[in-house]
Amino acid sequence: MRHHKLGIAVAVATLLVLAWIWPEGGEPPEGTLAATEPTASAAPAPETEGAGESGDTGDGASAADESPAETGAEPSTEAPATSQAPSSAPVPAPSAEPASNAYDGPLGTRNHTDSEAVALTFDDGPSPEWTPTVLSMLRERGIKATFCVIGAYAEAYPEIIADIVREGHTLCNHSWFHEFDLGKQSEDEIRANLQRTNDAITKAAPGAAIAYFRHPGGQWTDRAIAVAADMGMESLHWAVDPSDWDNATTESQIEDRVLDHTGPGAIVLLHDGASNQKDMCGALEKILDEFDRRGYAYTAL
């Protein structure tokens, strides 16, 4: 018992001496994890470029639905009542993506241009209210873009499809009526849907090339990609998605998201259909101004 009490006394005395000689406020030994240094498992993940569009299986997803086809309505022209003021200054442009990353989208889909040029892509049109506005903005700056069109709208507004082709833009098949589950259907059903869309496009613009297919919502499947490839269409994803299709997204948010994440070689997803086009068009002017300042070139893919 005496030895036990003596051992305790020695331990207490040792602790008191260490407490007295340890430097107050000193740095922890090298390699010690400080409270402000997250571990690998706790570190916040960097925000990726392609996050946002509903159903995106590659770079992130949003719970909102981008499709105007859910209710069978015409493309919406409604815009939010208010928009936030533009941010004061854009962040420096991101660096260019390596050419080897051109097919770094979900399931190997294309999400970069394979060059320094930026590609602007516009989905869910044609819209009789907003597609002509977008075409005018691009025409004034001599920019060629890619329009991912819905077959039912191409059939309803063939004159706009003809205008897109006449002005030198690229066409992309975006399904007949924005069917999110298209890739889960049978091969025959997918083929029939894409062929019906191509037929509506070529009826509006005879001889027009349709080199690309973009799955609604980015909900890619190997089956849809394979059928599109068999029909001569490359599957086109994106690198930047500002969620401009969402009525809750403001003009300044669209602008900031595109400018923050677009570097040379990026494929940018925007919408001339769906909804919220007023804010998208307002942001597009500022985006193009900044892209001009950065010296970006454009490609229609």
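Visitor: What percentage of the residues of the protein chain count as buried?

Guide: The model is a predicted one. Of the 301 residues of its protein chain, 46% count as buried.

Visitor: How many helices and strands does the secondary structure of the protein chain come to?

Guide: There are eight helices and six strands. Read from the N terminus, the elements follow the order α-β-α-β-α-α-β-α-β-α-β-α-β-α. Among contacts in the protein chain with a separation of 6 or more, 77% are between residues 24 or more positions apart.

Visitor: How far apart are Cys172 and Cys148 in sequence and in space?

Guide: They are separated by 24 residues in sequence, and their C-alpha atoms are 4.3 Å apart. Cys172 belongs to strand E3, residues 170-173. Beyond its neighbours within four places in sequence, its contacts are Thr146, Phe147, Cys148, Val149, Ile210, Tyr212, Phe213 and Arg214.

Visitor: What makes Cys172 buried rather than exposed?

Guide: The limit for a buried residue is under 20% relative accessible area. Cys172 has a value of 0%, so Cys172 is buried. Cys148 also has a relative accessible area of 0% and is therefore buried.

Visitor: Is Arg110 buried or exposed, and why?

Guide: Its relative accessible area is 10%. Because a buried residue is one under 20%, Arg110 is classed as buried. Arg110 sits in the loop between helix H1 (2-21) and strand E1 (119-125).

Visitor: Which residues of the largest nonpolar core touch the most other members?

Guide: Among its 54 residues, these are Leu120, Phe122, Phe147 and Ile161. Helix H8 (residues 277-294) supplies the largest share of this core, seven residues. Apart from this core lies another, of eight residues, among them Ala119, Cys148, Trp238 and Leu269.

Visitor: What does Phe147 touch, not counting residues up to four places away in sequence?

Guide: Its contacts include Phe122, Leu135, Leu138, Ile164, Leu171, Cys172 and Asp272.

Visitor: How do you know that E1 and strand E2 pair?

Guide: Pairing requires at least two bridges. E1 and E2 (residues 146-149) have four bridges, in the parallel sense, so they pair. Within E2, Phe147 is the bridge partner of Phe122. The chain passes from E1 through helix H2 (residues 131-141) to E2 in a right-handed β-α-β crossover.

Visitor: Over how many bridges do E1 and E6 pair, and in what sense?

Guide: They pair over five bridges in the parallel sense, and in E6 the bridge partner of Phe122 is Leu270. E1 is mostly covered, with seven of its seven residues buried.

Visitor: Which residues of helix H4 are buried, and what do they pack against?

Guide: In H4 (residues 158-166), the buried residues are Ile160, Ile161, Ala162 and Ile164. They pack against H2, E2, helix H3 (151-156), E3 and helix H5 (187-204). Just after H4, Gly168 adopts a positive phi of about 85 degrees.

Visitor: Where do the buried residues of H7 pack?

Guide: They pack against strand E6 (267-271) and H8. The buried residues of H7 (residues 251-261) are Glu251, Ser252, Ile254, Glu255, Val258, Leu259 and His261.

Terms used:
Residues numbered from 1 in each chain as written. Predicted model: local features only at pLDDT ≥ 70, side-chain atom pairs only at ≥ 80, totals over all residues. Heavy atoms only, no water. Helix = DSSP H or I, 4+ residues; strand = E, 2+ residues; numbered from the N terminus. Buried < 20%, exposed > 50% of the residue type's maximum accessible area, 1.4 Å probe, protein only. Contact = heavy atoms within 4.5 Å. Core = buried A, V, L, I, M, F, W, Y, C linked by side-chain atoms within 4.5 Å. Right-handed = clockwise from strand over helix to strand, strands pointing away.
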